[in-house]
Structure formats: C-alpha cells, structure tokens
Number of protein chains: 2
Amino acid sequence: LWLYRWYYSDLCQGTLNFAIYLILSLAFIETPSSLSRTADVRYRSPPWEPPCGLTESVEVLCLLVFVADLSTKGYLFGRAHFQKNLWLLAYLGVLIVSLVDWTVSVSLLCREPLRVRRLLRPFFLLQNSSMMKKTLKCIRWSLPQMASVGLLLAIHLCFFTMFGMLLFAGEKDDGQNRERMTYFRNLPDALTSLLVLLTTANNPDVMIPAYSRNRAYAIFFIVFTLIGSLFLMNLLTAIIYSRFRGYLMQSLQTSLFRRRLGTRAAYEVLSSMSGKGEASPQGVGVKPQNLLHVLRKVQLNSFHKQALIEKVCSYGDVPLSASEFQRIFNELDKTVVKEHPARPEYQSPFLQSAQFLFGHYYFDYLGNFIALGNLVSICVFLVLDADVLPGDRDDFILGILNCIFILYYVLEMLLKVFALGLRGYLSYPSNVFDGLLTTVLLVLEISTLAVYRFPHPGWRPQMQGLLSLWDMVRLLNMLIVFRFLRIIPNMKPMAVVASTVLGLIQNMRAFGGILVVVYYVFAIIGINLFRGIIVAPPGNGSLAPANGSAPCGSFEQLEYWANNFDDFAAALITLWNVMVVNNWQVFLDAYRRYSGPWSKIYFVSWWLVSSVIWVNLFLALMLENFLHKWDPQSHLQSLAGTEE
Amino acid sequence: LWLYRWYYSDLCQGTLNFAIYLILSLAFIETPSSLSRTADVRYRSPPWEPPCGLTESVEVLCLLVFVADLSTKGYLFGRAHFQKNLWLLAYLGVLIVSLVDWTVSVSLLCREPLRVRRLLRPFFLLQNSSMMKKTLKCIRWSLPQMASVGLLLAIHLCFFTMFGMLLFAGEKDDGQNRERMTYFRNLPDALTSLLVLLTTANNPDVMIPAYSRNRAYAIFFIVFTLIGSLFLMNLLTAIIYSRFRGYLMQSLQTSLFRRRLGTRAAYEVLSSMSGKGEASPQGVGVKPQNLLHVLRKVQLNSFHKQALIEKVCSYGDVPLSASEFQRIFNELDKTVVKEHPARPEYQSPFLQSAQFLFGHYYFDYLGNFIALGNLVSICVFLVLDADVLPGDRDDFILGILNCIFILYYVLEMLLKVFALGLRGYLSYPSNVFDGLLTTVLLVLEISTLAVYRFPHPGWRPQMQGLLSLWDMVRLLNMLIVFRFLRIIPNMKPMAVVASTVLGLIQNMRAFGGILVVVYYVFAIIGINLFRGIIVAPPGNGSLAPANGSAPCGSFEQLEYWANNFDDFAAALITLWNVMVVNNWQVFLDAYRRYSGPWSKIYFVSWWLVSSVIWVNLFLALMLENFLHKWDPQSHLQSLAGTEE
C-alpha cells in the first residue's frame with residue numbers, strides 16, 4: 001500500500017509529467033533545431049546544431065523515468081491484469097523500441113537517417129492521461145458514422161467533378177476555356193479544385209472565369225458549396241457532437257457513481273471495524289470518533305477537511321447510518337467560500353475614516369475610472385501617431401501622463417494596503433494582480449527614467465532590441481485592460497458566458513493533449529518528408545521583393561517562404577496555417593511543385609484530422625459545456641434518468 | 001364557418017403563395033433587370049428594360065390578392081383580436097405603404113428615385129408562415145446573450161488591435177515596417193485586418209511580413225485566432241444552439257398538445273351530440289356511427305381515412321370512451337405503407353418464368369451494374385479526353401457505347417413494365433425516375449442521331465449554343481448516379497444519415513424563408529447603395545487581361561468584375577460570395593475605394609447577419625434534427641419531463 005501511496009503522491013506524478021514535457025520539448029532543439037530567429041528560407045542563418053550526446057543524455061534520463069514508472073505500474077497491477085491491459089503492453093513495446101533506437105543512434109554518433117522514437121514520443125503523453133484514452137475511444141466509436149458521411153462527401157465530390165468536367169470540356173467560348181485550363185484541366189486538378197472549394201478556401205476565384213461569361217455557371221458552384229460545405233460538413237459536426245454528448249455525460253455519471261461507491265465502501269469498512277471492537281450495541285453504524293481519526297490522516301483540501309470534521313463533530317457520539325455518512329461527504333461538493341482576514345483597527349478617528357474611505361468599493365470604481373483614462377490616453381496617442389513617421393514622434397506628453405498614472409497606481413496600492421492590512425490586501429486575487437502590475441510598472445518606469453532621463457519636449461526614447469524599455473512600459477500599461485474583466489461577473493449574461501469559458505478551460509486538457517499529440521506526429525512526419533525541399537529563390541537574398549515574375553496567388557508571390565518543414569517550430573506554424581484552411585490551395589500547389597504530387601495526401605490527411613475532426617470535437621465540447629452550464633437541472637435530470 | 005373552410009382550402013392558399021412568389025420574383029425583371037447573359041461589367045450588354053406598366057400591373061394584382069387576404073383574415077379574427085395582433089396591424093401598414101408607393105410610381109411614369117415597397121415585399125412572405133414568425137421570436141430572445149458574446153468579441157478585437165499597433169509601431173526593421181504599412185497603417189485599417197482575420201479569410205497573409213522577420217510574431221496572430229475564431233465564434237454557435245434547442249422542442253410539444261386538445265374537444269362535441277339524442281343509456285361516449293359520419297366528411301389523406309374507418313368499425317356499436325377515442329387517432333401518426341398493385345397474370349409458362357425472372361430484384365442489381373458500367377465509361381473517356389484538345393477528340397467509341405447503354409435502358413424499362421404491369425411499374429418511385437430518364441435519353445439520342453447522323457470513326461458532333469445536344473446526352477447520362485442512391489437505405493449508418501437529411505429538408509422551409517427575406521432585403525439595399533459604382537476598366541473591353549498594373553490580390557487583378565450590385569441576380573451572387581467569407585477583404589477593399597469608407601458597414605452587417613447568425617442557426621437546426629433522429633426516446637423522455 002505504501003508503494004501505491006508513494007506512486008500517486010504529488011512528487012512522483014510531478015516527476016513523470018515533467019519528464020513527459022521535457023522529452024516532448026526536445027524536438028525544438030534536436031538536430032533541425034528551431035533556435036534561429038526566423039524560419040524564412042531567404043534570411044535564415046544556419047541553425048545551431050546541438051552537440052551529439054546532449055539531447056541524447058536528456059532523452060535517456062526521461063526514458064529511465066518511464067521505465068521506472070512502467071515497472072511500478074506493472075508491480076501494482078499484478079501480472080495477470082498487466083497482460084490484459086493493452087495500453088500497458090503498448091507502453092512496454094514503445095519503451096523497448098525507443099531504447100533500441102536510442103542505442104542505435106548513439107552507436108552511430110547521431111548520424112542515423114531516421115529516428116523512429118521521435119514519432120513514438122507523444123505516446124507517453126497519451127498513455128498518462130485517462131481522459132485522453134477515453135476521448136480516443138469515443139473518437140474510434142464514432143468513426144463508422146463519420147466514414148459514412150465521408151463516403152457521401154466523396155460521392156458528392158466525384159459526381160460534381162465529373163459534372164464539372166463535362167460542363168467545362170467544350171472549347172466554345174473563352175470563359176469556359178479559361179475555367180478548364182485553370183481549374184478543370186484534368187481529373188486530379190478538378191478534384192483538388194472542388195476539394196478546396198469544399199473548404200471554401202478558393203470560393204470566388206474558382207467560379208470567376210465561367211461566371212464572367214454566363215450567370216448560369218454560378219449555380220453549379222453554389223449548389224456544390226451548399227450541399228458540401230453547409231450540409232455535409234455540418235452533418236459531420238452533428239455526428240461528432242451526438243456521439244460526444246453521450247460520452248461526457250457517461251464520464252460524469254461514472255465519476256459520480258465511483259465516488260458513491262467509494263464512500264459506501266469506506267462506510268462498510270469503518271462500520272465493520274467498530275462492530276468488531278464493541279459488538280455493536282446500538283445497531284450497525286460508524287462511530288464518529290473513528291471517522292474523525294481517519295479523516296485526520298487523509299490528504300484533503302484544508303477547507304474541506306475542516307468542514308467535514310465540524311460536521312462529524314456535530315453528531316456527537318451517536319453512530320452514523322449509511323445515509324448520514326453519505327450526506328457528510330456531500331460537503332465535499334460545496335465550493336470554497338474564502339474568508340478575508342479582518343481589517344486592521346486604527347485608534348485615531350481620522351485614520352478610521354480614511355480607512356473607511358479607501359476600503360469602500362467606490363474607491364475601486366475610481367481606480368477603474370483612472371485606468372480607463374489611461375487606456376484612452378494610450379489609444380488617442382496611438383491614433384495620432386499612426387500618421388506620423390516613427391522618426392518624428394514626440395512622446396513628451398505621453399511620458400508625463402504615464403508618470404502620473406503610474407504614480408496614481410502606486411498611491412492606490414499603498415492606500416489599499418493601509419486600509420485592508422497587508423494580508424487583507426493579498427487575500428483578493430484582483431488586488432494581487434493589480435499590485436504585481438503596479439510594481440512591475442514602477443520598476444520599468446524608474447529604469448526608463450534612469451536610461452532616458454526625465455521627459456522634456458521633443459523627448460523620444462531610442463529603440464533598441466526587439467522591444468525598447470519604453471515600448472515595454474506601454475505594453476504593460478495595456479494590461480490594465482484586465483482590470484475591467486472584474487466587472488464581468490456583475491452582468492448576468494456575461495457571467496454565464498464567462499463561467500462557461502472557465503469551465504471549458506478545465507475540460508480542455510484532454511483535448512489540448514490530443515491536439516499536441518496530433519501536431520507532434522504530423523510535424524515529425526512532415527519534417528522527415530519535406531525537410532529542405534523549399535529552397536530560397538536564386539536572388540541575392542536582399543530585402544527587395546524579387547517576385548515580379550511569379551504569378552499572382554502563388555507561394556512565391558505571397559512570400560510564404562517561412563512556411564516550410566525545415567525545423568520543428570516552423571513545421572508547427574505551417575501546420576497551423578493549413579489547419580486554419582484559408583489559402584491552403586497555395587500550400588498544396590507549392591508542395592506539389594517542389595516535392596511531387598504525393599505530397600497532397602499528407603496535406604489532405606492533415607486537413608481531415610485537424611480541421612474536420614479536431615475542430616468539430618472542440619465545437620462539441622463547447623456545446624456540451626455550455627448546455628451543461630445553461631440548464632444544469634435538465635442535464636442532471638437526464639443523468640438521473642439513465643441512472644435508474 | 002364556410003368562409004373559414006374556403007379560406008384554408010388548397011386553392012385559396014395556393015393563390016396566396018403564388019402571389020407571394022410572383023411579387024418576390026418581380027425583382028429579377030424590374031428596372032435594373034437581370035436578363036443579360038453576364039453580370040461582368042466588361043462584357044455586359046445593355047440590359048432589357050421592361051416597359052413602364054408591365055411589372056406595375058403584375059404588382060397591383062398581387063397587392064389586391066393581399067388586400068383580399070387581409071380583409072378575410074380580419075373578418076375571421078374579429079375586430080378585438082385584430083387590434084391586438086401586431087403582425088396583422090403591420091400587414092395592414094405595409095399594404096397601405098405599398099399601395100401609396102405604387103400610385104406615386106405610376107403617376108411619375110416609373111421614374112421615381114426610390115421604391116420603398118421593394119424593401120417591404122419580403123414581409124408578405126414572412127407574415128404568411130407561422131414557423132418563420134416563431135423562429136424570428138426565438139432569434140429575438142437569444143439576442144441579449146449574443147450581444148454579450150459580441151461585446152466580448154469587440155473587446156477582444158479592440159484589445160488586440162491596440163496591442164498590435166503598439167507591437168508594429170516601430171521603425172526598427174523591415175518586416176515590422178512592412179507589416180505596419182500593409183495591415184496596421186492606422187486604426188481603421190488595423191481593425192479591419194483583425195476583423196477579417198477573425199473570419200480567417202486573410203490568415204497566412206496577414207502574419208507573413210512580421211513572421212518572416214521573427215518567429216515570435218506568429219504567436220500574436222495565433223493567439224488572436226485561437227481566442228477569437230475558435231473560442232468566441234464557437235461560443236456564439238453554442239448560445240444559438242442552446243436557445244434554439246428549447247425552441248424546437250417547445251414547438252414539437254405544443255403541436256402534440258394542440259392535437260390532443262383538438263381530439264379531446266372533438267370527443268366532447270360528439271359525445272354531447274349523441275348524449276342529447278339518446279340520453280346516454282350506457283354511460284357517456286361517442287357512438288361509432290356518429291364518428292364514421294363525421295370522418296367521411298373530413299378532408300384527410302385517403303390512406304389514413306381508410307385506416308381510421310376500419311378501426312372505428314372494429315368497435316361495432318359500443319360507444320367509445322375518451323381514451324379509446326384518443327387511441328384511434330394515434331393511427332394518424334403511423335406512416336403510410338403503400339401497397340403495390342398485383343402483377344399481371346400470364347397464362348403461358350414461358351411468360352410466367354420470364355415474369356419471375358424480370359420481376360426479381362436481381363434484375364435490379366443487373367441494371368445497377370450496367371449503369372455503373374455506363375458511368376465508368378463516361379469517366380474513362382473524360383480522363384482520356386482531358387489531355388486532348390477539344391478540336392481533336394474522337395467521340396466514335398463513346399457514341400457507340402452510349403447507344404448500347406440507352407438501348408439497354410429501354411429494354412429494361414419494357415421488360416419491367418411487362419413483368420409488373422404498367423400500374424405496378426409506376427407504383428415504385430424509383431421506377432418512375434428510371435423510366436423518365438430513359439425516355440428523355442431515348443428522345444435526345446434519336447435527335448442526336450438525326451442531327452449528326454450515325455457515328456463513324458472520327459465522328460465528332462459540333463458544338464453549338466450553351467450545350468450541344470450531344471453534351472446534353474452525356475450530362476443526362478450522369479444522372480444515372482441517382483440510381484445508386486437507392487442502395488443507401490440498405491446500409492445502417494447511411495440510413496440514419498439519409499433520414500436526417502430528409503427530415504431536415506422538411507424543417508428547412510422556415511429557415512429557407514428567412515434566408516430569402518434576408519437576402520432580398522440586403523440585395524435591394526445593396527442595389528440602392530452601390531448600383532453602377534463599379535465601372536469597367538478603361539481598356540477596350542477585349543478579352544486580353546489588361547490587369548498587369550493592378551497589384552496582386554486586388555479586385556481588379558482577381559477579375560471580380562462580375563461581383564457588383566448592378567442588378568438583382570448579380571447582387572445575390574455577390575452577397576453569397578461575401579457570406580462564404582473567403583476573400584471578402586477583397587470586396588471590402590474594392591468597395592472602400594469605389595464608394596467610400598462607409599460601405600464597410602454594409603458588408604460587416606451582412607457578414608454578421610448571414611455568416612454569423614444564419615449559418616449558426618442552420619447548424620443548430622442540423623444538430624437538433626440529428627439528435628432527434630439519433631436517439632428519439634431520450635428526446636421524447638425529456639419532452640414528457642417538461643410536459644408534466
């Protein structure tokens with residue numbers, strides 16, 4: 001049992017999580033390292049190459065942690081259970097493959113052509129989270145239906161491709177001919193054009209040549225988009241949502257059920273213990289002192305623990321029945337109501353009235369008002385400065401204003417500390433945020449003054465580095481906006497929306513994890529396939545755009561040079577751009593030219609996985625959370641309905 | 001009562017609907033008439049102008065129909081009810097305004113500058129459908145919450161705009177400077193850039209200049225898109241869905257409730273009638289013969305009527321209790337199971353076996369197989385012909401093949417008619433479709449042969465008109481695809497999907513109506529605002545692209561000339577293109593240049609109404625329908641739950 005406790009302690013799990021993130025982040029500094037300032041092939045400096053053995057030694061440490069983790073798990077689960085658990089077996093397999101691959105790569109002095117273990121790394125993240133495993137299972141369940149909609153989509157696509165090719169096959173007039181030459185040249189071209197139209201990424205362009213000749217051709221494209229994009233794509237969303245809806249409900253239900261079962265089991269154990277000792281004179285039940293004894297040993301939130309102990313004490317010496325026992329643990333569901341420490345008490349009546357004044361919430365309003373003024377001043381200066389060349393700007397007034405605002409914030413902080421006491425001040429999270437911001441602003445402002453001296457007319461801090469100190473002050477000042485977020489809970493519909501957002505973030509972890517896994521795998525595959533394929537244009541790499549010859553809308557003309565697969569960070573951004581779907585026909589076309597027609601398969605499958613499946617999953621999660629927040633009683637009702 | 005019956009008869013409602021569609025479709029031929037072949041300002045011929053008085057006389061006829069409709073409704077509703085009903089009062093108002101406007105325009109000989117009544121026309125469509133009114137009410141209810149998300153979006157947008165302007169304000173390096181000059185020049189420009197980025201329509205472009213200089217700038221754009229497009233936009237979807245979900249459920253519920261109430265009322269009336277006559281010897285109840293008497297008078301589907309009468313007859317002479325009465329009408333919910341007429345009986349054993357052979361469903365399969373072969377042959381020839389110039393194609397083999405396939409279809413049709421009898425053949429809708437297709441194909445093929453004579457090597461039908469006869473044959477042949485739709489119900493997941501689609505189409509009418517209204521109003525406003533603003537380029541209108549000077553990605557370079565507001569049909573297509581959202585920054589930019597900065601308001605509001613609200617509504621409808629089909633029992637359960 002101590003091993004079990006030790007394994008699930010914070011320290012152990014923390015080490016494991018840290019190892020997982022460490023091994024995942026290795027991809028940024030491994031051989032095609034991302035430590036250059038830009039990913040643009042024209043301006044890129046040769047990247048820093050880590051010496052052989054640096055990343056490998058970090059990696060082997062992580063792998064050893066995983067080996068320890070696996071052996072502990074295996075010991076805890078027992079041999080028979082272990083062999084039945086597919087995830088654990090896969091874990092074992094992945095570890096073995098990784099270690100073998102690692103030894104190969106060390107013995108070849110890091111010159112091996114392919115690293116299999118990089119592809120397998122996300123598996124560690126996947127197997128460590130039960131939520132992710134559940135989500136994966138749910139996705140697997142909904143695959144058949146998605147496949148059926150996919151089939152419909154494919155039929156739709158093929159039919160319209162054939163139809164379009166017939167329609168634009170003629171050589172009668174110019175518009176039809178240009179349409180044919182541009183978008184319906186041959187079967188693969190026509191298929192790609194319509195697939196891209198399905199994502200609406202080339203919407204008006206694809207119909208322009210034909211539509212310019214005759215209005216009626218527009219109907220073909222509109223019907224295609226209506227059926228494909230609006231109808232079938234939304235059907236896919238509906239399917240994913242309908243599957244996913246049941247799934248979240250189920251997981252809620254099982255967690256509720258498990259807790260009840262656990263409480264009941266604890267009750268049975270405790271009652272049998274007390275029964276043994278005293279031969280149960282007043283019926284079966286748990287003696288409160290036993291419960292207290294156990295409670296003090298258990299790890300719990302301190303607030304919950306205190307509430308539980310109080311509740312138990314209120315029962316005195318009477319043994320508890322099962323339902324009473326259950327009811328006590330319902331306390332756990334209640335949210336924490338934090339108490340703020342008492343205000344310091346001052347003797348002098350003047351100090352007391354001042355305390356009342358500055359502790360009042362009108363004082364908060366005044367602070368917000370001043371912050372609004374600050375924001376407005378920044379905006380006004382931005383708008384005024386927009387038309388002036390950066391060299392001619394005069395930041396004198398803004399500098400003075402900034403000083404005044406920062407002084408006010410400091411004053412406000414000090415007064416609040418005085419009114420509420422230091423601990424009272426820190427007990428409000430909003431105050432902590434304000435105080436932190438004020439302190440940072442003060443430090444920055446003082447250093448600005450030290451560097452550039454006091455503002456005078458014509459004063460303009462020099463720019464240096466990515467962001468000058470002075471710009472930093474202005475950016476931080478923008479963070480004042482977050483003070484206004486505090487007003488949100490006071491408005492009814494805003495409050496619902498905001499609480500949904502907060503709830504969503506908690507549920508997001510599993511999805512974020514799956515997204516990380518998918519991005520990771522695709523980025524690694526992309527690097528292996530397309531590394532170094534995009535080459536810089538033959539010009540001398542000067543800043544003058546040398547793209548006069550490239551046709552409009554091509555990869556070269558749009559200067560998408562930075563969207564390549566030459567290192568991990570660049571691959572991530574490229575994948576993001578394809579996931580957002582807009583203009584992805586440019587990527588399709590460029591990679592077809594640079595690397596061959598089969599690259600399309602990679603991009604289309606990435607589109608399917610990310611944009612179609614993941615975005616829809618995200619939407620489903622959102623809907624589910626929102627409906628749950630919106631009318632929880634009807635949801636709980638249906639929960640109860642399925643429980644019966 | 002007779003007036004009521006007459007008013008709700010098919011003829012009357014049909015006239016009303018016809019008048020509505022007629023008055024709506026007038027927009028196509030009214031003064032900026034859409035009867036030109038293309039909407040492209042470069043190639044457009046001067047449109048046909050209808051003589052003054054033609055559309056006006058049609059219009060006044062429709063208006064008179066509406067006046068009659070309104071007076072009947074007013075009479076039926078009664079004066080007191082009429083004054084309380086806002087819709088009817090608005091109807092009256094709209095009619096009066098339209099008639100006044102009409103007289104003005106006739107007295108000015110159709111030269112008036114503005115026609116108010118055009119804007120008001122969609123109101124007739126709106127007020128005639130109770131579903132649309134309900135949907136509108138539902139949209140109005142969800143406005144507060146949508147406004148709160150909108151506020152969040154606006155805050156998000158403003159904050160990032162400020163942040164972006166600060167970030168790109170410097171003149172330090174080239175990338176930052178180009179970013180500033182292109183997308184963050186001044187406040188309106190920066191706002192527009194980010195608003196467009198919210199719809200992801202300028203996704204990779206907007207970040208390219210900055211990202212090429214430094215990787216870190218990409219984070220700004222990715223965070224913005226993540227929060228804005230994925231998070232807040234989906235939140236909007238969730239809100240609309242959550243409001244809309246309750247609404248459809250409620251409308252289902254009320255329709256169920258109304259029917260029950262109606263049945264119950266009918267029961268009460270009938271039982272009191274029979275009670276009066278006979279002083280109710282065996283308790284209160286409805287005598288079956290009374291019911292039969294009533295049933296025969298009522299308009300009903302003949303199948304339902306027969307089932308009801310049979311059911312009633314089975315009760316014999318015993319009076320019916322309320323619950324029995326209710327149960328009888330449940331028959332109405334059952335779907336129609338159509339019986340096919342018996343096959344003709346032949347005497348000769350040979351004919352009988354032939355009948356068995358051709359009536360068997362394997363024969364259908366054979367037909368499908370042949371149709372598949374037809375499709376494949378068309379596709380193969382398309383792919384082969386794609387690389388050949390249209391002038392050099394040899395359609396000899398295809399022509400021969402086509403003849404054979406058409407002959408087979410004719411043979412199949414005749415054999416089926418022989419096996420099933422003519423009435424039996426027509427009782428399957430799929431057969432009707434096949435037969436129709438075959439007949440049309442036969443006629444076309446014969447006329448093709450008559451025009452071009454019999455195929456010989458090197459045979460190639462001439463092209464003439466929009467589609468030559470020969471192309472028409474090939475297009476029609478493509479319709480063979482629909483034969484395969486029949487296979488769908490045999491596959492389980494496909495069947496669910498297909499039935500959702502069918503159910504959706506029934507529910508679509510209200511939404512389609514609202515879409516028509518919105519498109520109509522915006523198109524008319526757009527015509528009034530932007531008519532004639534896009535002028536053709538100064539070139540001689542030749543076919544050579546004279547856009548070498550226009551920068552890439554501009555309206556002129558992309559040749560979007562056809563997307564204007566010069567007539568109604570062109571306006572519809574332009575609005576569609578903006579609704580699909582891709583590349584809409586091009587429209588924003590072009591109309592800003594041609595017409596002034598305020599045109600942005602029109603496009604942004606159209607984007608909000610169509611793309612944000614309507615598309616989300618559509619998605620909500622889809623989800624609701626699908627979930628309803630998917631697990632109807634849980635839905636009904638929650639229905640019952642709210643009913644209690």
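Student: Which residues make the nonpolar surface patch of about 600 Å²?

Tutor: Bear in mind throughout that this is a predicted model. The patch is made by L86(A), L89(A), L92(A), I96(A), V100(A), V104(A) and L108(A). One of these residues, I96(A), belongs to helix α5 of chain A, which covers residues 86-107. Because membership of a patch requires over 30% relative accessible area, I96(A) passes that test with its 48%, a value that makes it partly exposed.

Student: How many disulfides are there over all chains?

Tutor: In general, a disulfide is a covalent bond that links the sulfur atoms of two cysteines. Here the test is whether a pair of cysteine sulfur atoms lies within 2.5 Å, and by this rule the count over all chains is zero.

Student: Is C62(B) buried or exposed, and what is the relative accessibility of C158(B)?

Tutor: C62(B) counts as buried, since its relative accessibility is 3% and the cut-off for buried is under 20%. C158(B), at 42%, counts as partly exposed.

Student: How many cavities of 30 Å³ or more does the structure hold, and how much space lies in the largest cavity?

Tutor: There are 14 such cavities, and the largest cavity holds about 1,300 Å³ of space. Its lining comprises 41 residues, of which T199(A), T200(A), V615(A), T200(B) and V615(B) are the closest to its centre.

Student: Which elements give two or more residues to the lining of the largest cavity?

Tutor: Chain A contributes through α12 (217-278) and α25 (599-630), while chain B contributes through α12 (217-278), α23 (568-579) and α25 (599-630).

Conventions:
Residues are numbered from 1 along each chain as its sequence is written. Chains are lettered from A and ligands numbered from 1 in the order in which they are written. This is a predicted model: local features need pLDDT of at least 70, side-chain atom pairs count only at pLDDT 80 or more; totals for chains, interfaces and linings use all residues. Side-chain values use heavy atoms; hydrogens and water are left out. Patches are made of residues with over 30% relative accessible area and no salt bridge: like charges are joined within 9 Å, nonpolar side chains (Val, Leu, Ile, Met, Phe, Trp, Tyr) within 5 Å. Accessible areas come from the Shrake-Rupley method with a 1.4 Å probe; for residues, only the protein chains shown count as cover. A salt bridge is a side-chain nitrogen of Lys or Arg within 4 Å of a carboxyl oxygen of Asp or Glu. Helices (H or I, at least four residues) and strands (E, at least two) are DSSP runs, numbered from the N terminus. Buried means under 20% relative accessible area, exposed over 50%, partly exposed in between (1.4 Å probe, protein chains only). On a 1 Å grid over the protein atoms alone, a cavity is a set of points where a 1.4 Å probe fits but cannot get out, and a pocket is an open set with protein on both sides within 12 Å along at least five of seven lines; lining residues have an atom within 4 Å of a point. Grid points are joined across faces, edges and corners, and a volume is the space filled by probe spheres set on the points.
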